[in-house]
Amino acid sequence: MTWRLATKRDCRILAELNHQLIADELHRNQMSVAELEGRMKNWLDEAYEAALFEVGGEVVAYALYRVQTGEIYLRHFFVVRHRRRQGIGRQAMAFLRGHIWPKAERLTVSVLVHNQAGVNFWRAMGYRDYCLTLEILCQTGAQT
């Protein structure tokens, strides 16, 4: 597996992968690929970096993260569907931790609570529960 830092030229593929991630984790985000591409460009302009992982010239995974003082926040991590359960996620995470990210920083990731496969993966990577965000959804048109 090889890797490279993404550039703005990669925003379309990053957006397509992000769209698949949103679908897989049953996220409420309804953005189109074009909207996600614009958002990705903004993120790469601002504070985020993205790493693309490839096998035989095929993009098989990506990570979008922000390095800040004392912490590395992993916003997205995605392995393409037909390449899962092959160790690619573990290998990519090991590479990020061993070669790209500063070693002494706290690592954080947010996972939707209903995404049990994701929760299990992150726990296997060494992440531990820290907080739980709870919500009440607004009811549009509700009478008060």
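For the angle used at the first stop, an axis is a line fitted to C-alpha atoms, for helices over the stretch in contact, and angles run from 0 to 180 degrees between N-to-C directions. Bear in mind throughout that this is a predicted model.

Begin by selecting helix H3, residues 88–100, together with helix H4, residues 116–124, whose axes lie 11 Å apart and pack at an angle of about 45°. The two helices, H3 and H4, are therefore oblique to each other, and H3 passes H4 in a right-handed crossing. To see where they touch, show the side chains of Gly89, Arg90 and Met93 in H3, which meet Phe121, Trp122 and Ala124 in H4. Sorted by class, this contact of H3 with H4 comprises four nonpolar residues, one polar and one charged.

Next, stay on H4 and select Gly118, Val119 and Trp122, which are buried. Around the axis they cover an arc of only 100°, which puts them on the same side of H4. If you then display what covers these buried residues of H4, you will find that it includes strand S4 (71–79), H3 and strand S5 (106–109).

Now move just past the end of H4 to Gly126, which takes a positive phi of about 105°.

Finish in the loop between S4 and H3, where Arg85 is found. Most residues other than glycine have a negative phi, yet Arg85, although not a glycine, has a positive phi of about 65°. Is Arg85 buried or exposed? With a relative accessible area of 87%, Arg85 is exposed.

How values were computed: Residues numbered from 1 in each chain as written. Predicted model: local features only at pLDDT ≥ 70, side-chain atom pairs only at ≥ 80, totals over all residues. Heavy atoms only, no water. Helix = DSSP H or I, 4+ residues; strand = E, 2+ residues; numbered from the N terminus. Parallel < 35°, antiparallel > 145°, perpendicular 65-115°, else oblique. Left-handed = near helix turned anticlockwise from the far one by under 90°. Contact = heavy atoms within 4.5 Å. Nonpolar A, V, L, I, M, F, W, Y, C, P; charged D, E, K, R; others polar. Buried < 20%, exposed > 50% of the residue type's maximum accessible area, 1.4 Å probe, protein only. Arc of directions from axis to C-beta.
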